[in-house]
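Notebook open, structure on screen. I want to go through some contacts between chains, then look inside single chains.

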Amino acid sequence: MAVLSLVARRLAAALVLLGALSVITYGLLVASPGGPEQVLLGTRPSTPETRAAIRAEYHLDDPFPLRYAHWLGDAVHGDFGVSIYSREPVTDVIADRLPVTAGLAGYALLITFAVGVPVGLVAAMGRGGLLDQGITLGSLVLLAVPPFAMSILLLYGFAVALGWFPVFGAGDTFMERVTHLTLPAVALAAAQAAMVVRQMRAAALDLAGQDFLTFARARGLPRTRVWIGYALRNAALPVLTVGGLLLAANLTGALFVEQAFGLHGLGALLIAAVSQKDIPVVQALVLFGGAIVVAVNLLIDLAYLVVDPRVRHGAVAL
Amino acid sequence: MKTPTIRAAVVALLLLPVAACAGSPQKGGSGPERDTLVWASSAAPNSLDIAHGFNNASTTIQLAVLDTMVTLDAKGTPAPALATSWTQPTPDSYEFTLRKAVTFTDGSPLTADDAAYSLSRHLDPAVASQAASYFTTVKKVEAVGTDRVRVTLTRPNTAFLSVAAIAWQVVPRKLAEAHPGDLGSPEVGTIGTGPFKVAKFSLTSGTVLERNESYWGPKPALRRVEIKAISDAETLRMAVRSGEVDATDGLNARDARKWTGLSGVTTSFYPGNNIAYLALAVGNGPLKDVHVRRAIAHAVDREALTTLMTGGHGTIARTVLPMPQMTALYGDNMPKFPDYSFDLAAAKAELAKSAYPDGFTMAVPYASGSDGATVMQAVAADLAKIGIRLTMEPSPGDKYMATLMDHRGLGVQYVNLSYGTPEPVEVLPDMISRAAAEPQGFNFSGYGSAELDARLDALAGATGQERQDQVTALLTEIGEQVPYVPLFHMDNGIALRDGFTATGLSVWNPNFFAVIRPAGK
Amino acid sequence: MTLLDVTGLTVTGRHLVVDGVDLTVSAGETVGLVGESGSGKSLTARAVAGLLPKGMTATGSVTLSGLRLLGARERVLRSVRGSRIALLMQDPFAMLNPLITAGAHIAESLPRTGPVRRDRAWRRTEVARRLAEVGIDDPSVSGRYPFQLSGGMRQRIALAAALARDPELLIADEPTTALDATTQHEILTLLREVQRARGMGVLLITHDLRVAFEMCDRVAVMYAGRIVESGPGFDVAKVPAHPYTSGLLAALPSATVTLPRLEGIPGSVPSAGDVTGTCAFADRCSQVDADCGHARPPLREITPGRHTACLYEVRPRPRVEQPPAALREPSPGAPLLTIDDLSKRYGEHTALGGVSLSVGEGESVGVVGESGSGKTTLARCVLGLAVPDGGRIELAGLDLTRRGRRGDRAHRLVQCVFQDPSTSLNPSLTVGATLAEAAAQGTREGRLSVPELLDLVGLPASYAERRPRALSGGERQRVAIARALAVRPALLICDEPVASLDVSVQAHVLELLRTVVRDLGTSLLFITHDLAVVRQITNRTVVLLKGKIVEEGKTPQILDTPSHPYTQKLLASVPPTP
Amino acid sequence: MRGVLAGLLGLAVLVALFGSHLAPHDPAAQDLALGVAGPSAAHWLGTDDLGRDVLSRLLAGAGSALLWPVLVAVGTTTLSTSLGLLAGYRLGWIDAIMMRTVDLAIAMPGMLVLIVLVGVLGGGYGWSVLAMAVLFTPGDIRVIRSLTLAQRELAYAEAARTLGLPPRRVMFRHLLPNLAPTVVSNALLSFVAALVSLAGLSFLGIGLPAGTPDWGLMVEENRDLLDLNPWASVAPVVLITLVATSATLLGDRLFDTLSKGGAR
């Protein structure tokens, strides 16, 4: 069965990936100067006894392989340890932050497609026309604006100058969430929407040249049938792929925006954790990120499986 | 160019639906009677237990929730708190009498046992308390009867009370014993006898305090305090500006100009118990030479630096002690200390006397993006004028901190430390004791000797005039040998939106939530 | 009565491509529109169906039994398409939606209104009926996806879909070009049957004169965007009334006789825009004179229903009386190439199942087979582009199958001319560079210079400067031949070298190959699907079927008296040469 | 249009090379007395909080702002092109190994790794540049490989092989020129990506020494001056965007022309 073997293959790959990721990050963090002491001792003078106690508690004097093995042993039992900084279980720390980032990512993705797909199609239809050129140029510019610059721009424009939106935080109720996350989502989506516009435009143009589209029209099929059954369905896959990758990117890489909008999301957490040598948190985050990427890719492949018979019947390898 | 129009269109398209419900972003604070304060700190509090959260953000909350045995009055002298009174039977022991009928917010009564344990736990390595070094002189803590606590020291320590005023925060023994490592974490939280109790503590969505209605002391005017962490200074400022935040202490005197400009916001500054200086590693090459050190002291334009870094809300530092400690110690009759005016000629002259008449080049590590970065840039510019070339070596804050605390590659360091007590003994050992010259210590100049250590010990026990003279002597020596170049004292500041006032802000009483009150109340 | 009436149709894109075409198709009639690539025949078809590519515009008039199509609203056209005009396109692999089943294609094309209720059951039976009409009785086919079907099957499905709403006119644009000879034959027969049964009009677009003559009641020959001759197929074939037509006919290779000389038409097709004011064929014409250049000759009627755009009588071409079989007999002795029990598999598919053959010194052997017969794999194995699973290849005493033994001698022994002229040359290198590089790979003595090589293949030395994109398909193949011969190989392999060339050009290239190998004494292994070509250029022929040799012998006797049924089938499916 | 683009980029290059000479003031000269100030005759774009001339710093910063991304682009392109060609042409185990690795690398959460890497290694753009090159390469390798696979099947490539040309020659003289359009536009794309990401890293406080005149760093250092002198941080953003846009646009155009020209 195609699906099973696919899933199996992917899971195997995932294990390798996560293994590699964890070793690399752990190694980097251990190798880099300074340890969790700074965080644990604070910026106050400390006594030798305290320092000794800490080194013992966090196995700071063990050799790297031993420490890693220690961590791995717990990790495989689902115990990702306790945050050095906040002293709560890492899983809680992440669970605490996830909703913000997830909301942001989802919202951004929504905007990205709500804008990207139609605009891309419009551009493709009016190919070479003024509108098309405008859109193409516009998307290029959006691609070129650094996300954090975009954040600052929006922040000043809509939150400070116009005061339409809150400046920071993620809000508590659903409605608050929406208002709080709108600007960050836009900042995040801007470049991605531009990407999707380009993608969609290309896909549509490519389709327009396809014989089977002409043949469909030649048989006098109704417009809806041609557009939905033929054009969209065939354009869906590439766009779908982009969407998945964007989602993964947003979940793991929204840190600029989170930083600028003072959102306590995973990105912000990562930055803090890295600078605090909060190894358990960083490890968990990186693994989480890896897992997300793997999962998304798997979902995309499954989607292909569903939509494209050639893949389903193993005529084309994934 | 079509771009702007397109972008505008896109954004507008997205905003329209939500713009409606975006209504007034003001939350909290916007209630009918404004006894809810939305407070923002520039860093997230990481623990409600000083043993693991000895930093501004955390301590601010701790002092609102937990009571200390003693406290400091406006002049910085110890005053009763949970201890109604105390005696000093021998120079090296204290006996505190506990306030009657005080209960923790969980209803359980406060006992002498709780109080005693709350101190002794800081000595337990298993707790790995960040406050441990404050209590190194504590030998024994015991509950005497139901309402008295006796503390025995290894040797007399005049600073003990002042230190206790910050770090001896009283928690229930049961709770503390059960959680040596993670008391005060979001999971465990904490219980105190203070004016407020914790309604919610999360590193992500912030902290909420509610008035402790059964508080033994004067009730705070605020019913509820919501505490947010906004790490980005600019975002924080805009949050206050837009009214989403009512008050914050997260403003750097340096940015005063930007804050004072905000409408509907009053910013007030008061002397901070901090000292910014350059540490000159006396063990390192050219810096071995006292003339070089003096030359540097002369060459740095402290006045310009002070205005740059404190935006007019600070003072030039003449000695290495924080201003409040100086005033607490000397009052108005400040003695004259060796001072090095900004004088390039004098600087060149000093340098000429040294082994490096034409100057030298030296690497200077610093934390990128920090105040240090700015200061060192300015200093480098100054020193270049007398031929001392500093090559800037940036590294991320944490990495810099790590190398610094390992005392690796010390040269010219910018250091700015805040302290908690009016006691010079809290500061001086950090600067000139040989113990502090070891890794994890704060003596970055490496200046020190057995003789000095002895004098420091003596100072620890000294009182009155004797104490004053000893400090003066030490400061004078530091002034002559210049292991440190004092730079400036920076004021602390808080910003309040209209509708709130703060009276009696003092460096010795960082309990903001007790002093901030709705306007008119 | 006339069904389709096209008058003065002109199509312009970046420049003029169709220039005033008049054309009629009556009900029940099959009209062939013949022309080489670039003659504008396909665009004419597209214009009629109102499906011109973006950026192209048509003027003139197109009416379908009175209804104006050209310039009509899209809504009108949509109501006409499928139900009255159907369009069948060339590439069966690109014409179907890869994501839906064969059945779905037909079902979605069925009329949406009618006397009986259009429910599921009806649709199923209807689909089955339509499939049966195009000769597919296996109902499971309707459940399959395009990629699971052979080219022929797909073309049948496409036809069924195109006819689903019973149009009066079917425009078939090169419907069989992409298919194998035998399949092509089947589809054409099917097309004729369906046309007869339904009595519908068919406009058949093709580049293959023979197909046109075989299929059509009337034939119109297109050249550079205009029609140069039209008339009943039979007459046109017998007595061409335009030099171009007669040129084409002369260039046609024949499967029945070995022509002493293969004559192509000199020069190449001009673009319609450049010749609006003159006879488009003038500067390639053997009997051109002053008047041809002055004005555009009108399409004049010579006999009823017979038109030509030439001002003059077409002189009959002089028949070169020469003993046929100009091919020299191979010198007897040890064979140059010996292939022994060669086998190669790709996964499940067996490309070669134990093939043994030999090529003698100076001999020319043809390998005939359809796609999937393994003929190309055979070539690739000899060239070392594929590694055989078993068997031996010995070339001039050198064992090519032993790994690593190919060394630097092999490439001097065997070279190849590949099929696709569009990719046979490196687009980023000049012709000169390509040839020089090739020559450098040969032995020092007797190394040919670039000009010599160009001269060898009948190209001016100035071509050395050009890049491939400035060359016509024929010229590219000439260069490709020169490149292959540059190292003076003992054996030249040709893999369908002329398959994608127009007839007139094809003739040139074949003639060139014939003479060159004769002069250089190179042995030839000629791989093709076209029996007529084999006849012209090989002494011996090997017929491959599914990776096995089914028949082998002297070319004439195989083509004249085939013994194996498959060979007979192949021969039967070659359209008769007039 | 292309003229305009080339002009813009040419200008950028000129400034990058000679910017510090064009600067009206010494970009490092501080004027603490003046501090931050808006545009004036003396300082067209005003000054930052150390009283340094913004315009001069922009000009002087062009160098580092453009140099590093160029390094990334060059590194990424050469690496990905040669590896992609190798894998796609040689196939076999080389290809297998390389592709597995690429799959792995692509599945890595790029931004995460970058932050951890640079956050830990710290100091200077050097590491960031390296890390970025490593992050960008796998994707390009894939593209180049698949193109190579397509090209090597084409008649001209097979002819080259049958001529017994050495693999290196086939790869670089025959295949590479026909991949040019993709290679070039890839290079420009990674340039843009690097330009933007490096600015981003500066924003996170990772990268160059404070006070180095560098566009990304200026945005970060001066963004809290937006009220007092917006130009200090807006100008660099505009410049970054401008350069990035024209680079991408040029990439698109070049791709079109090259593929029309060189290849079929």
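How many residues does the contact take from chain A and how many from chain C? I looked it up, keeping in mind that this is a predicted model. The count is 21 residues from chain A and 25 residues from chain C.

**Chain A, side facing C.** I checked which elements of chain A give two or more residues to the side that touches chain C, and found α9 (211-218), α10 (223-253) and α14 (309-312). Of the elements on that side, α9(A) gives the most, with six residues. Sorting the side of chain A that touches chain C by class, I got nine nonpolar, five polar and seven charged residues.

**Chains A and B.** Chain B puts in 57 residues and chain A puts in 54. By class, the side of chain B that touches chain A comes out as 26 nonpolar, 20 polar and eleven charged residues.

**Inside chain B.** I then looked at how chain B is divided. Domain 1 is in pieces, 36-66 + 194-270 + 493-518, while domain 2 is 70-178 and domain 3 is 274-490. Taken over C-alpha atoms, the centres of domain 1 and domain 3 of chain B are 31 Å apart. Nine residues of domain 1 of chain B are in contact with nine residues of domain 3 of chain B.

**Helix pair in chain D.** Last stop for today. Helix α2 (residues 54-90) and helix α3 (residues 92-107) of chain D pack at about 130°, and their axes are 7 Å apart. Because of that angle, I put α2(D) down as oblique to α3(D). I also noted that the crossing of α2(D) and α3(D) is left-handed. Which residues make the contact? From α2(D) I listed Leu83(D), Leu86(D), Ala87(D) and Arg90(D). From α3(D) I listed Gly92(D), Ile94(D), Asp95(D), Met98(D) and Met99(D). The tally for the contact of α2(D) with α3(D) is six nonpolar, one polar and two charged.

Note on methods: Residues numbered from 1 in each chain as written. Chains lettered and ligands numbered in written order. Predicted model: local features only at pLDDT ≥ 70, side-chain atom pairs only at ≥ 80, totals over all residues. Axes fitted to C-alpha atoms, helices over the stretch in contact; angles between N-to-C directions. Helix = DSSP H or I, 4+ residues; strand = E, 2+ residues; numbered from the N terminus. Parallel < 35°, antiparallel > 145°, perpendicular 65-115°, else oblique. Left-handed = near helix turned anticlockwise from the far one by under 90°. Contact = placed C-beta atoms within 7 Å. Nonpolar A, V, L, I, M, F, W, Y, C, P; charged D, E, K, R; others polar. Domains from an automatic or database assignment.
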